[in-house]
Amino acid sequence: MTSTQQTTHEAPTAGDGSLNVRPMQGLIGMALGFILAGIVVTVFRLWTGGIEWNGSASDWKALLGLGGGKLMYVSIFGALLGLLVVINGVAGFRRHGFLSALAQLPVGYAIGAAVTMLIRMAFGLTPYSEGPVATFGVIAGYYFFVRGLGGWANWWWYMKGAATPEHEDHSNHGARRGWRDYLIFNTDHKVIGLQYLVSVFFFMLIGGALAESVRAELANPELQYFADGSAYNQAMSLHGVIMLFLFIIPVFSGLANYVVPIMLGAPDMAYPRLNALSFWTFIFGGAIFLASIPLGTFEAGWTNYATLSSTNGPSEIGVGQLMWLLGIQFIGASSIMTAINFVVTIVAMRAPGMTMWRMPLFVWGSLTQSLLIVFGTPFVAGSQFMVLFDLVMGTRFFQSAFGGDPIAYQHIFWFYSHPAVYIMILPGFGLISDVLTTHARKPIFGYRALAISTLGIGFLGFTVWAHHMFTSGMAEWLRLPMMLLTMLIAVPTGIKVLGWSATLWKAKIHMTVPMMWTLGFLFTFTCGGLTGVMLASVPFDIHVQDTYFVVAHFHYVLFGGSVLTVFAGVYHWFPKMTGRMYDEKLGRLHFWLMFIGMNVTFFPMHWLGTLGMPRRIADYQELAANYPSVHGWNIVITLGALIQGVSYAVFLYNMVTSWRRGPIAPANPWRSRTLEWLVSSPPPLFNFHDTPKVVGAPYDYGVPGSVHALLKGDPGYDEALPGAIPETTTAH
Amino acid sequence: MKGQWGKLVGYFVATLIISAAGTFGLPLLGGGSWLPDLLSREGGAIDELFWGLTIISLIIFAMVAAFVIYAMVHFRAEPGDLSDGEHIHGNARLEVVWIVVPTIIVAVIAILSYIVLEDNEIGLYDKAAAKDKGAATLAVDVRGFSFGWNFRYEDLDGAKLTGEDAPDASPELVLPKGQVVRFNVLSCSGKEHLGRLEEQVRRELETEGKDNEFAEIEPGICEKEWDSTTAEDQAAAEETATKVFEARRAKADGDDLSKEQKELLESLPAYHGDQQHIDVNHAFWVPEARLKIDAIAGLRTYVQWQPTRTTRPDDNYQVVCAELCGSGHNGMRSDMCVIEQDAFDWWLGLSEEERQDATCANLRVFNCFEGTDDFDELLENVAQITKEDPEAGCREAQEALA
């Protein structure tokens, strides 16, 4: 131990609990805030020629921040700065944590808003304008939110050269204070995994409630429950956005966060602090979406096409549109940070012997998904920034009258959002392979073909974006290559479906709850994949584009595909995560209700679509007058949606009660081979007491005596892979 | 092994029958077909493609499903059986087969789709084929706006076909049977002119009259074709814009504002000029024709199809907006109808007043009567009939006229 660490000055530690009220500092801070803001604004206005200096009393008052009229804003700003100092002085808020974050968030918003208004004022604009003020308020609010959690502290201390106690002492991240662990800036990947899972299932509850409201409206023609088309569009848009950005994408962040490092034999993710920042950034973005509900939320659908989203000016569209544009940036940033973390973890943190060809397929899925996110997400961020600029700053990226191009939006948007479809399902493909082999007691059929096809889908995913735009009026020659490439994706996808099916040949299938979800997935995903090929056919797509056929297709892929794999994974790893078993009967009930409910809901949508029911409509009375079966099918669909709602309640009840009172789970209830099952349930703080050694394939079921990995203490551990783990140095 | 294959085939047949019965039979139980009535030549090929794709999909689905169900039935572990399944980790030959076969299947689908597409778009994008058989012979300018449709009839060179007294544009789509119609689709609010003027004023005030290469704005396509503003609107817009931007300028300069200027700034806080005058994207779709194309704000798009039959009283077909366009999206529908060529020529020449009765609702009844030359008298009679009985079908109408 060198002495440098002892001589550096002591950094404040999180949660030291000492009362530290400093009201005098607060008052001085307020006064200084007034004066500083006054000087800055006055000097700036003098410099830009906005005012002239006469040396009069009012000039001096303005310089001290005490001017009347417009300079009231300066005073407000000063007061806010002072308030911040006061808040900092109060011990309760100084302690890093969720309460502090909640307290600092509005202060940050106010400061961001005040600074923006000051700058606007300095340039002679009306100080308050919803767009810019809210934008910078939210950005500053985010900074203070994470500040309250303590998210910046370590980086800041490190830059100052101060001690970083958390960095040296990892015990903090697994403080084991019960549920409170989940409300702090915890860097344990297992805690973060559960944080993600619990919050996304909460978001899914809201997204599902919105879906039920949409279905209630559509059960009968004409408007019944929503006041007008606008209100319906809001519910529909919010349902899509919540399910895609707050459920399907982050739910895999949650599962992978918990499982992937253990599968690799790593103690944690490569960047634990970045991991925590990703999670809290995600929560912040999600909160923005939810906060937009009472304010009148966005109504341009999850695709947010310009110029519907970009032309009316924020005060006409409502602040909700602005909140979508801001929220998506935080969620996108969170997604990119998580993805970088996974790529590095998977490339660099594998245990000795864990070659690429020994990685479980869930890891392959996660790796490919992360690469897609890193390459693709900047495009959706870019497209939404352009819409934001069009709205707030008056640029005209998407207005043809002034040289913009409305179709360009769709190109940029789908260049991310098509790969996003694979972002939403590739980890599920991997997950299903793991669950399938374990519960069928068989090696996966064609391991390398499955791994390579994952990469193949990921690569092809970037070449097909314009198949969403066959009717958009884009360059007509682009349709042919896009059709061919889209159909080509059916080949690697087919390899997967056939590989999973072949795995079942001569297997020993244990009909556990995770296995039921897996088998159900094989049916529904195959259906969704086949309608995907149908939609790739340009002439047919021209008829059904923007109809319920498309809605049916993507619900079969995303619900019948992704969501079913999510439930397979949640039941499969529930014993590992909680240390308890779920209720088998309720699990089966959940499966049957949801499987039947989803097919009743989504299958008739195919017929509605081909029959001519456009998507995103609140009312279909003209269509029902021409084709009476439309009304009947809509009633059936709404009943299906109700069944799904009931099944979700069963699921939540099962999870909550089993987590609290379920029977204690053994370390490896499924007799699986992969590393996460070789440690206790739940795993110890750093997953492994000693680095494991990987000596075999992950799925070699049916080979007597073969193992995937060895832990210290297992026979043969010391002899395996000599020299793989360097002798621990005792230099310090 | 042999017995297994036999059983597998049995499972496949059973699964295929059940899924086909569900897919095809349930819509029949529901009282309707899968597809709307067919109105266009192009739609016929699309329907055939659709049924082909559906059948291929059903067969592939049944193969996968039958295999999985077979495995679920025959490869279940007995309770308490802790042994593993057979150690099969792959089969190179089989894997090659299921790479090659799907590739061939999708290639065939793609080629067939391409043939249908080419056949449906003769001369649409390819100027050289514009005179070929199957290419368009009539042009309809379609304008989508929030929330409705307008149609204008032209020959292929853009010359107006409607008579002198006829309204400039029709809110309903009336088509002649048998002609291939090319739709030139646009989304225009009709007020783009005002937006341009306001922007022009802003730029001139901001550049203070100095020469500026960006100061002059060219009129866009919407302004040229669908401008619905009057000279008074334009003058008013210019005046308001001048006042607003002068007031903003005065405020930015720190000058004292007049009471009027203050009120103006307060009443128009989000005054964006052009932003409020352009429209959003829509999509022009007649489900019975099976073809749609987006109506893009200020950019022209094209689609063409040939109506193959006239519409009768039960054929209440509509032009539908398929692209989410805001609060009035679901109501953005216009009636459409197809009439005989000679009737269409007569209809084009009708004056604005005469068009009052020539709605699609009436023209559908009008179609029940063939072989008449005096269209004016027929329309008058039909209008009388539908006035008394709006639900009148062909038989009722013929009886009433007789």
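Modeller: In this predicted model, the centres of domain 2 of chain B and domain 3 of chain B, taken over C-alpha atoms, are 38 Å apart. The domain bounds come from an automatic or database domain assignment.

Colleague: How many residues does each of those two put into the contact?
Modeller: Domain 2 of chain B gives four residues and domain 3 of chain B gives five. Two residues are in contact here if their C-beta atoms, placed from the backbone, lie within 7 Å.

Colleague: And by class, what's on the domain 2 side?
Modeller: On the side of domain 2 of chain B that touches domain 3 of chain B there are no nonpolar residues, one polar and three charged. For the classes, Ala, Val, Leu, Ile, Met, Phe, Trp, Tyr, Cys and Pro count as nonpolar, Asp, Glu, Lys and Arg as charged, and the others, Gly among them, as polar.

Colleague: Where do the domain bounds of chain B fall?
Modeller: Domain 1 is 2-76 + 92-120, domain 2 is 136-184 + 279-401, and domain 3 is 192-274.

Colleague: Before I go on, what about numbering and confidence?
Modeller: Residues count from 1 along each chain as its sequence is written, and chains are lettered from A and ligands numbered from 1 in the order in which they are written. As the model is predicted, local features need pLDDT of at least 70 and side-chain atom pairs count only at pLDDT 80 or more, while totals for chains, interfaces and linings use all residues.

Colleague: OK, what's the radius of gyration of chain B?
Modeller: Chain B has 30 Å, whereas a compact globule of 402 residues would be near 21 Å. That radius is taken over C-alpha atoms, and the globule rule is 2.2 Å times the number of residues to the power 0.38. Along its principal axes, the C-alpha trace of chain B spans about 95 × 75 × 45 Å.

Colleague: How much of chain B counts as buried?
Modeller: 39% of its 402 residues. Buried means 20 or more other C-beta atoms within 10 Å of the residue's own, exposed means 12 or fewer, and partly exposed is in between, with C-beta atoms placed from the backbone.

Colleague: Why is strand β9 of chain B largely enclosed?
Modeller: Six of the seven residues of β9(B), residues 333-339, are buried, so the rest of the structure largely encloses that strand. Helices (H or I, at least four residues) and strands (E, at least two) are DSSP runs, numbered from the N terminus.

Colleague: Which strands does β9(B) pair with?
Modeller: Strand β3 (residues 173-176) of chain B runs parallel to β9(B), with four bridges, and B:L175 has B:V338 as its bridge partner. Strand β8 (residues 318-321) of chain B runs antiparallel to β9(B), with three bridges, and there B:Q318 is partnered by B:D335. Pairing takes at least two DSSP bridges between the strands.

Colleague: Switching to chain A, which helix gives the most to the domain 1 side facing domain 2?
Modeller: Helix α7 (residues 130-149) of chain A, with 10 residues. Of the 20 residues of α7(A), 15 are buried. Just after α7(A), A:G150 takes a positive phi of about 90 degrees.

Colleague: Last one: how many residues meet between the chains?
Modeller: 93 residues of chain A are in contact with 88 of chain B. On the chain A side, helix α19 (residues 479-503) brings the largest share, 12 residues. That side divides into 51 nonpolar, 31 polar and 11 charged residues.
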